[in-house]
Amino acid sequence: MTLARHVGAAIVAAVVIWVLSVSLSSFRDYQIADIAVYVVAIAGLTVLIGLSGQISLGNGAFMAIGAYATALLQMHLGWPLWALFPASAAIAAVAGVAVGAAAARLHGPYLAGATLLLAVALPSFATQFPGVFGGDQGLAVSVTAPAALGAAFPPTRWLAWVNAGTALIVLVLLANLVRSRVGRSWQAVRDDEAAAALAGLNVARLRILAFIVSAACAGLAGSMLAVYSSQVSPGSFTVTLSIALVTGAVIGGLGSLAGALWGSLVIVLVPTYVTDVATSHGLSSTVAANIPVAAYGVVLIAVMLLFPNGIQGGLRRFFGLTPPAATGPHIRFNSLRRRQPASEHQEEGTT
Amino acid sequence: MREFIQFTLGGISFGMIYAAIALSLVLIWRGTRILNYSQGAMAMLTTYIAFTVIGHTGNYWAGFAAALAAGVLLGAVIERTVIRQVENKPPLNAVVVTIGLLVFLEGLAGIIYGGQYRSFPPAFSITGLRAGSVPLGVSSNDVFVAGAVLAAALGLALLFRYTSAGLRLRAAAFNAYAARLLGVRVGRMLTLGWALAGLIGALAGVLVSPATFLYPASMDSIFVLGFTAAVIGGLDSPVGAVVGGLILGVALNYVGGYLGSNLVPIFGLAALIVILMIRPSGLFSVSTSRQV
């Protein structure tokens, strides 16, 4: 029943995207492809943060892994597109196992810091081994539209179809995962780790599994990014990207996968729009490019203080729908605050 | 052997920068149990303020003082306006809010100053010192960097140990509830803690910028390594922060010197993972309860 509803929603979305891609300009097609990349990456992050209660500031690094995997597999082995996507997701998932195993023991701020360092450190691999990864220039990826579509078919429309179709498949899979036994177990671990363990759940394994899912999503998104931008370079996977993903997830709403769509729309469309408006008012391009960045910061703080459930939560409240129990009003980490400074915690001065 | 001495001395200078960032993180962590991800961005902004003041007055020390004053102010204002709202919320909220501050401050710097790399003047000469004819791999500016951070750390130690404000700061961090019952204005102490952290962070920004150039994201990698230093030392321990910074600075300078500077962040990550696996509370933390 749930599966049928999700598939139905995906088919409706596919029709809408098909109509949009046919009727809009090729620049809009490009934006659709871009939004689809962010939807996949942010949906994975929404599951990780909202459902399993772990945070990653380093999912841009998993995107880099997926993108480089795509470039290398395509360049050296000549794999076709349909094999590149799952392979890249799988390779990023393997990296997710390694990070998740480390992350399963960490909470809140420590985990955020460790994953942030991952995002800072990973791109320097590409510069350290230019023979393999092409250094700062990166690698080229060339995937062409199938000949069956005809020579006159706009390649951006094909890319929009590929990316949007992949994103819809991912959303259906994730939506079912969220409603499954695993999804419920994640919520149990998020809300009370000790109680979940007492109820027989394997807390460490569940935490690692959430990391794997989010890493696979990020890897797939990286692969999609590599294909539609036809190149991979370390400059595309900065800390800014990782933070943009978190921004999108929080603004969209951590409680629901639909939030990933809102977040992606904001991340992709707002900068373009604001930059256009600002330059048309005679502001310099550096100022125009930085206004959305500063605005994200303000919005991120405002959302966290005022609307912890993001856009999707706001819509739900507006239309009078209560959020399902699965996505309770407060996303909680295993609270560090519960720990009272105990008496054995002998406070020393700084000397 | 000569190389080894050079790398060691150079590492101490960089290590003191990490120590300063780590110290500012520890100050905030002890008081509010919040890890301030915007610490690097705050230091970046105050360094830009120093840059502007130096540009207008032509006096390095005027800029230096302006940066420190701006750091105090920025720390206090941020605590009062934004952080106060999340102090008793789940940790995720604080993480996201400080990330929001990081994004906002970097965007703000981009709007005001643009994205280009600017060179920031050092306080003293950056030509290498020599012992006789042997180059030591450090300059008089490096000596100043190490001395300034050390002086700031000692100043904090004296403040915490020998002044009444220091005692109240420690009381508020140790047990806010009991401190409040005893008449300590805990909220005010938290603001003071953030202001002091802003001061130390601003110091780090001014000191490191001659070596890294100044641009909106210039403190990102310094910040993550400062965080690593703080975790190595234990987020609760100011002494640990300084020692952690020194260990990390020297170790990473060996990596950069012998193996290549691209590997520095990767080894930083490896160090962080190893320390979190083996001794998650850090080398110097006295607390026994679970923290990570």
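Start with confidence. Chain A has an average pLDDT of 80. In that chain, 89% of the residues reach at least 70. Residues 323-351 of chain A are another matter: their pLDDT is below 50. Even so, this stretch makes 61 contacts in the model beyond near neighbours in sequence. Where pLDDT is low, predicted coordinates should not be read in detail.

Next, the make-up of chain A. The chain holds 15 helices and 2 strands. It has 351 residues, and 51% of them count as buried. Take the contacts in chain A between residues at least 6 apart in sequence: 79% of these join residues at least 24 apart.

Now turn to chain B and its hairpin. Strand S1 of chain B covers residues 128-131, and strand S2 of chain B covers residues 134-139. The two pair in the antiparallel sense, over 3 bridges. Across the pairing, Arg130(B) stands opposite Pro135(B) in S2(B). The hairpin has 2 residues between the strands. There, Gly132(B) takes a positive phi near 70°.

Further along chain B comes helix H9, residues 220-233. H9(B) has 14 residues and reaches 20 Å from its first C-alpha to its last. That is close to the 20 Å expected at 1.5 Å a residue. How many residues of H9(B) are buried? The count is 13 of the 14, so H9(B) is largely enclosed by the rest of the structure. An α-helix has 3.6 residues a turn, so residues three or four places apart point the same way. After H9(B) comes Gly234(B), with a positive phi near 100°.

Key:
Residues numbered from 1 in each chain as written. Chains lettered and ligands numbered in written order. Predicted model: local features only at pLDDT ≥ 70, side-chain atom pairs only at ≥ 80, totals over all residues. Pairing = 2+ DSSP bridges. Helix = DSSP H or I, 4+ residues; strand = E, 2+ residues; numbered from the N terminus. pLDDT = per-residue confidence, 0-100. Contact = placed C-beta atoms within 7 Å. Expected span 1.5 Å × (residues − 1). Buried ≥ 20, exposed ≤ 12 C-beta atoms within 10 Å, placed from the backbone.
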